[in-house]
2 protein chains.
Amino acid sequence: MVQRNRRRYAVGVDFGTLSGRAVVVAVDDGAELGSAVHAYRHGVLTDRLPDGPSLPPDWALQDPADHLDVLRVAVPAALAAAGVDPRDVVGVGVDATSCTVLPTLADGTPLCALPALRDRPHAWPKLWKHHAAQPQADRINAVAGDRGEPWLARYGGRVSAEWQLAKALELLEADPEVFDTAQRWIEAADWIVWRLCGRETRNISAAGFKGLRQDGRDPSPEFLAALHPALPGLLAKVDGPLAPLGGRAGGLTAEAAGWTGLPAGTPVAVGAIDAHVTAAAARCVALGRMLAVLGTSTCLIMNADACHEVPGVCGVVDGGVSAGSWAYEAGQSGVGDIFAWYVEQALPGRYADDARRRGITPYELLDSLAADQPVGGHGLLALDWHSGNRSVLMDHELSGVLVGLTLATRPEEIWRALLEATAFGARIVVEAFTAVGVPVRELTAAGGLTTNRLLLRIYADVLGRPLHVPDAAHPAALGAAIHAAVAGAAYPDVPTASEAMGAPHRETFHPDPARAAAYDELYAEYRALHDHFGRGGTDVLHRLRARRNRALRG
Amino acid sequence: MVQRNRRRYAVGVDFGTLSGRAVVVAVDDGAELGSAVHAYRHGVLTDRLPDGPSLPPDWALQDPADHLDVLRVAVPAALAAAGVDPRDVVGVGVDATSCTVLPTLADGTPLCALPALRDRPHAWPKLWKHHAAQPQADRINAVAGDRGEPWLARYGGRVSAEWQLAKALELLEADPEVFDTAQRWIEAADWIVWRLCGRETRNISAAGFKGLRQDGRDPSPEFLAALHPALPGLLAKVDGPLAPLGGRAGGLTAEAAGWTGLPAGTPVAVGAIDAHVTAAAARCVALGRMLAVLGTSTCLIMNADACHEVPGVCGVVDGGVSAGSWAYEAGQSGVGDIFAWYVEQALPGRYADDARRRGITPYELLDSLAADQPVGGHGLLALDWHSGNRSVLMDHELSGVLVGLTLATRPEEIWRALLEATAFGARIVVEAFTAVGVPVRELTAAGGLTTNRLLLRIYADVLGRPLHVPDAAHPAALGAAIHAAVAGAAYPDVPTASEAMGAPHRETFHPDPARAAAYDELYAEYRALHDHFGRGGTDVLHRLRARRNRALRG
């Protein structure tokens, strides 16, 4: 009798770019009872390996040991904060950034953990924003196009340098010995799940979105051989058992039980991509509800009932968000990253001082100064390509552009132009969907940047649609917990769990008609600049980058 | 006998954008014996009149009382510093920024000094960089082109919004009452000379370069009437007696003698344009010696033996630098202004702190960090149009562009890209000369920015030529003093005085072949971007500015 009234809980763990966070939520309504964050000790490795050689431009690595620390530190801390009995936890779920991918031995040991390979950069996990494999991605696109590979159109006609294949080809070409030593080539989320339950699985979402698996098949050995004679060897490194989202990967091992403070045998959900589990947390699993996860980069996710080929969209995968629907993903490579770059590299000292004096962040100061600017009053227009373009151009060797500068241009004006540029970039994606008949019925924004009310107002105005914001402190981790609840059999499937446990709307931003009309005109300017610099009007951005890379090598 | 060994001196006074400076030099060799600077109390009025109404975007005014303060403060101070007997001064010369122009009564009283007109923005002197008359300049160009005005080709086919006619038409259209009240419409340098000697003169250099006077004629009344029925009335406001450079405008009045500490009757040289007198100071009066005066803006000056029509060059005027030669002027609207904008609006606080800690300026810090970057290593390219483009596009409604930004872009990289952009802009001008057969035999740089060695090295590399730097602390003021010596009959003409009194080379920067070759390629990229944004590839910069102006009015 007591058993029946006892509440049940789910644990979700979200592995971000700089830190991991764990939440404990109630299985019946998703309410968060406790959480904890743990920053990665090594953060993102961009300049050099720990005590090791320096890294070239465009590199971004992580240390897998930092991920295990999150399991050891943040999960017990979240359980303690929630004050729940670990025996009442029905399951634990994990999501991570993607495509973050690493080479391991057959038992899952990361190659970078082997003393002999520790100073070999290619032995380390390559973070999603490692962009050095663009030459490989270009060749993959050229060869796939020439051969008429049937899956290419599912990725908008271009695959990304961020994905498994480009990074694997980079590894093979740059360090064939590490490629040969790698027995597995696996997504970070799947690797963490493997560490938790002792059994390797591959979630169908990452296999589809980042591994190019379509209609039950990986890219063919013939295609891979056309890229490099040894590349077909990759297939044996990624052939781990596929598993659907919300599935049970296994039970917690005794070792992982020791790390987390959960009982051994606790169900472990199949791994998942951070933005995709957020769709469940934001109740955006239903058809036509687009979710924009606004963070360092932006991911746009939506379920639809059919498979359309959307030019320049990152991918469409059957069951990629929930079984029975086609999941579409699109994205923007740099969003919060660009804002952080601006504050770090271009904010005048007097602004930083002023923010400090007023006890607010530089972001809040800039927002407050930019908030009342009339649309177009700064005379500026920016292209949000500081980190390349993931959609719809799928080209990580593009770079940012800023036009309209005058001697009267103020910092808060550049700031607003950067916020707007990312909103224009999001509109490019939404229009790519609607242009091919994939209706976007509703828009919801989640992610760290939803604390920025000016940004959300600009997005509503630029996109000309209401923008919902879910009331969840840690939406990705909540999404992982929803998957954990399904893996633990508390719900039959992800859509049902999402409706029950997903967050209600905290707020809805409605577009202002006058501002939206003005932004329609500025968007036309953005689109023209976008096409000029990104679609062959000029190739100057590529040439500047190639020259930079040569100069820095020289 | 004692008389014969007594040294003689000349006084030069240079009226810049933010301050005026006076020098006392020896007549025999131009050696500087004393100098003094006086900053204008009101600086540049861009936001509002003193205790008056606010000003629209693109405005820049000065207070003529500030100019007289320089005569009262800096001239006596320079004489005192030199320790010379004022009776040994053979003459005083004046130069000023141009086209800085003001409306006055028939006796020279500035209209803004009249209490009834003090709050009328159009009654004030419009500084050279007042850019609000661009619509008027556009119409002047269109009408002159339609009518086939013969003088138009002497100005590269486009007149500037900075010049007398555009500013006069702006005055007439915006405040006809002030236009009617103005009995004279006069360059600042000529007005100061008038204050000194009590007699109005008009130097032929400004009359030609800024007043469109060619072949002994002002623009015709018919042409002016085609712009506005009342505009022919301007001719009677500018018909003051013309005078050649180095001529004697008159003798110092008793009042001006009281201001300056010089004897009444001391010869006063005809007024001149700052950059043009600098040519004399830098010994660049000889044919084919181009002088680049690098300051808030850049002026490029050269004498040649014939009149060619150089597309997009600011002007060619018979006797505009010295009698008997054709003077060519070209320029860049924003140079030091752009660097100052960057330091003011985009330099991170930690850089400012670091500079303070090391006891150097932010400019020096940025230069030191940028100095060793390999050419193209930043991956950036900028258009130096923050203050519009004076040559060869002659369009003050253009604006700055920055392309190639990445999340790894550092402040010193943007800094270097801005320095380089102004060098590319200078090369555009030099190539416009050589393209029509006006040979540029030698290059010399003067102006405030010649303290920046990195900038000079970049100019030598980008232009692919040796760059001489004269050894003069105050070259414009020295040039004014050279004119004073000619007015005082110490020399027969400006070329002779320039050879005797002009400064020797302090240093010559030679191009590095490898860097010059790399810059050749980057210059091709600059040129393509320049033509795309400035020559009709896209009109987006104009549309953004028009939208900004509408939004700020609205």
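**Close-up views of chain B in a predicted model**

**View 1. Helix α3 of chain B.** Helix α3 (residues 134-147) of chain B has 14 residues, so at 1.5 Å a residue it should span 20 Å, which agrees with the 20 Å between its end C-alpha atoms. The expected span is 1.5 Å times one less than the number of residues. Helices (H or I, at least four residues) and strands (E, at least two) are DSSP runs, numbered from the N terminus. In this predicted model, local features need pLDDT of at least 70 and side-chain atom pairs pLDDT 80 or more, whereas totals for chains, interfaces and linings use all residues. Residues are numbered from 1 along each chain as its sequence is written, chains are lettered from A in the order written, and side-chain values use heavy atoms without hydrogens and water.

View 2. B:Gly148, with a positive phi near 65°, follows the helix.

**View 3. The side of chain B that touches chain A.** In this interface, 50 residues of chain B are in contact with 50 residues of chain A. Six salt bridges (a side-chain nitrogen of Lys or Arg within 4 Å of a carboxyl oxygen of Asp or Glu) are counted between the two chains. One of them joins B:Arg547 to A:Glu521, with the closest N and O atoms 2.0 Å apart. Helix α19(B) supplies the largest share of this side of chain B, nine residues.

How values were computed:
Contact = heavy atoms within 4.5 Å.
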